[in-house]
Amino acid sequence: MTSKDHASSSSTDSCLDVNILKEIAKKDLVNGAKTLVLDASLAGPLGLVTEVSLLKVFLIVRIYEREAKLSQHHGVDKMFWLEPGPLTSSTSNIVYICRPRIKNVKIIADHIKRHAKESRKHNYTLLLVPRKSTLVSQILEEEGVLGDITISSYNLQFIPIAEDVISLEHENTLRELWVDGDETIIFDSAQALLTIQKLFGPFPQIIATLLLRHGSASTASSEPQLPPSSRIDSLIILDRKVDMITPLLTQLTYEGLVDELIGIKNSHVELPLALLTPPTAMNANNNPASTSTSPPTGTSAIPVVAVKKDTKKKHHLTTATDPLFAELRDLNFSSVGKKLNKVARRLDEDYKTNLQTKTVAQLRDFVGKLGGLQTEHQALRLHTGLSEIIVPLTRTEIFNKSLEIQQNLLASYEVTAQLNAIEDLIAQGADMQIVLRLLCLASLTAGGVKAKNLENLKREILQAYGYEYLPLLLSLATPSLAVLLPNPLPPSTPSAVAAHKYPFTSLRKSLRLLIDDSPEALDEVENDISYVYSGYAPISIRLVQCVAQKGGVISNPAEKEKSSNAANAAADENKPTLGKVQAHPIVGWKGFEDVVSLIPGKTVEVVQKTASTVTPAGPLATLGASREATTTTVVFFLGGCTYTEIAALRWVGRQNRGRRFLIATTSMVSGASIIESIAGIGQSGPKASAATV
């Protein structure tokens, strides 16, 4: 199966239409003249629901009848970011949309009190995302402005960011959960999952691996009992803390590397304007073939794009308008150049063939295809230029040294030598987040770092990058997070820390985490989910396989498919999926109880009670269903997931008949974003240059 086939099958065979979630988020779009004050951290998530510029015409707010009668105009008169300082508004209605954070509420209270001193009267409405908070009301009451403002909520929950991925787009989840001890996101996640149940039916089974410190993992709900979902077979919940190793590694898929080296935020990436600007109409009119990727004889088929580094623009990475991205996003980056070359040559042949048309009918067909060819050409131009930006970054000494250290740590090869190499990176001026990712990786894979080495490295980090990072180092070593620990642990260490020590060496063998993958094999076929890290299989996805594809943990299903297809090709060439294995019923952790017991935390298996008392639940329900029916398994990451984990999960879905995966997450993360989140870096929202909408 080609990459193009992979991309198309994942979208066309998807059982659940997640776009309905976007429509739900937009359902409160109504008219009304007012000033909008927006929390900058919500600009990205709202931009995935509707263009933020459209908020100048339609405001996401529930308008009260009293206010609607007073409104004589339509739309938002002015739009501001929520930030300290005076707020000048020419309209009588001011609407705030923000997350329920103390900092935001203090700013709003200050605005209201300033206006009162200046004898300016306004009608204030506060929309809290995703729900109202008692703490907000308490702060407003203490500030003496609670009676001046109407508080409501805008229930922004899961947002589709791909055809098979939905996200709460809630930043800093890991910090809130494991550093600040704020478990609000757990309740918000539960409410969002309940919305999925209301739309598609109750999850027949819920299987979870969690590290919750407070409360219970109970999934009981006061909602009325509904018939079991016929399209969803189970919900798998993975706490990010169960696998902290995977996000610390450098992502090696195309989309993952774009996130690592350039940065993807809310599905948008900042790119040079030259990449996003199509060729001039003059050049296109003079010679249509010249805008194609036609190379001179004997040269590469990949077009050369002149990239200006000064002017940049945000670009939405989506397969809806860019089919080529669907083919590239999940490839290991080593295979991207060959794919782009292949597409370039095909486009070149299409242009040459179409330019040789002679009859009117042929010309009409050519004109009909021209728009599609130009769209493909622009997509090729974009991704070629993007690859040209990435390639030099992957050839730097620091990048390759970091990869080498990661591979050696995963194999437990000369750990002391790897710590010395990390020390060398500090001396070379490597980014702080790269150094800390490697140091945390060493701690997790080796069961801790020798106390003397750890103290020396901490001292060098503080001296090289600044003592303002001392709270970050302390947070990484707290009992709740415990990703940077000495070995052996001091006698004063809480017992909870020792109990949660990560058993990586045991899991490496039992879950077949390291695969000997040669570059040649990567070029030919994605042999295992380990291709996303060039030889390392993400623990989180192996755990999903323990539930939904048990054979894939023990051996490689892709090799079975390859041999089975070869054996049956002569018998029937019309069955391209003959080698695929029918998805087995979901029976929880059965067969891997010993492996799961090694992982710190609590495992949960729940068969939900539904309105139907006749239809069997759990695996029996799956056995009774038609073997040809395709069901969806929802995999929810509490604390965020990476683009490489999504790519690996898509690969698992392609190996089976009858099962698709819907990936749900609190946010998209990377090693850099996790370190920066814990450090409290970059939490002020968009840059000042983007403050005018």
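Start by selecting Thr-644 and Tyr-533: their side chains make a polar contact at 2.7 Å (a pair of N or O atoms within 3.5 Å, where one must be able to donate a hydrogen and the other to accept it; residues adjacent in sequence count only if both atoms are side-chain atoms). Keep in mind that this is a predicted model, where local features need pLDDT of at least 70, side-chain atom pairs count only at pLDDT 80 or more, and totals for chains, interfaces and linings use all residues. Residues are numbered from 1 along each chain as its sequence is written, and side-chain values use heavy atoms, with hydrogens and water left out.

Stay on Thr-644, which sits in helix α29, residues 643-654 (helices are DSSP runs of H or I, at least four residues, numbered from the N terminus). Thr-644 counts as buried because its relative accessibility is 0% (buried means under 20% relative accessible area, with a 1.4 Å probe and protein chains only).

Now go to the rings. How many aromatic pairs are there? The count is three (ring centres of Phe, Tyr or Trp, the last by its six-membered ring, within 6.5 Å; planes under 30 degrees apart are stacked, over 60 edge-to-face, the rest tilted).

Select Tyr-254 and Phe-333: this pair is stacked, 6.4 Å centre to centre with 0° between the planes. Tyr-254 is in helix α10 and Phe-333 in the loop between α13 and α14, so the pair ties together parts 79 residues apart in sequence. Both Tyr-254 and Phe-333 are buried.

Tyr-533 is buried at 2% relative accessible area, and Tyr-536 is buried at 0%.

Terms used. Helices (H or I, at least four residues) and strands (E, at least two) are DSSP runs, numbered from the N terminus. Buried means under 20% relative accessible area, exposed over 50%, partly exposed in between (1.4 Å probe, protein chains only).
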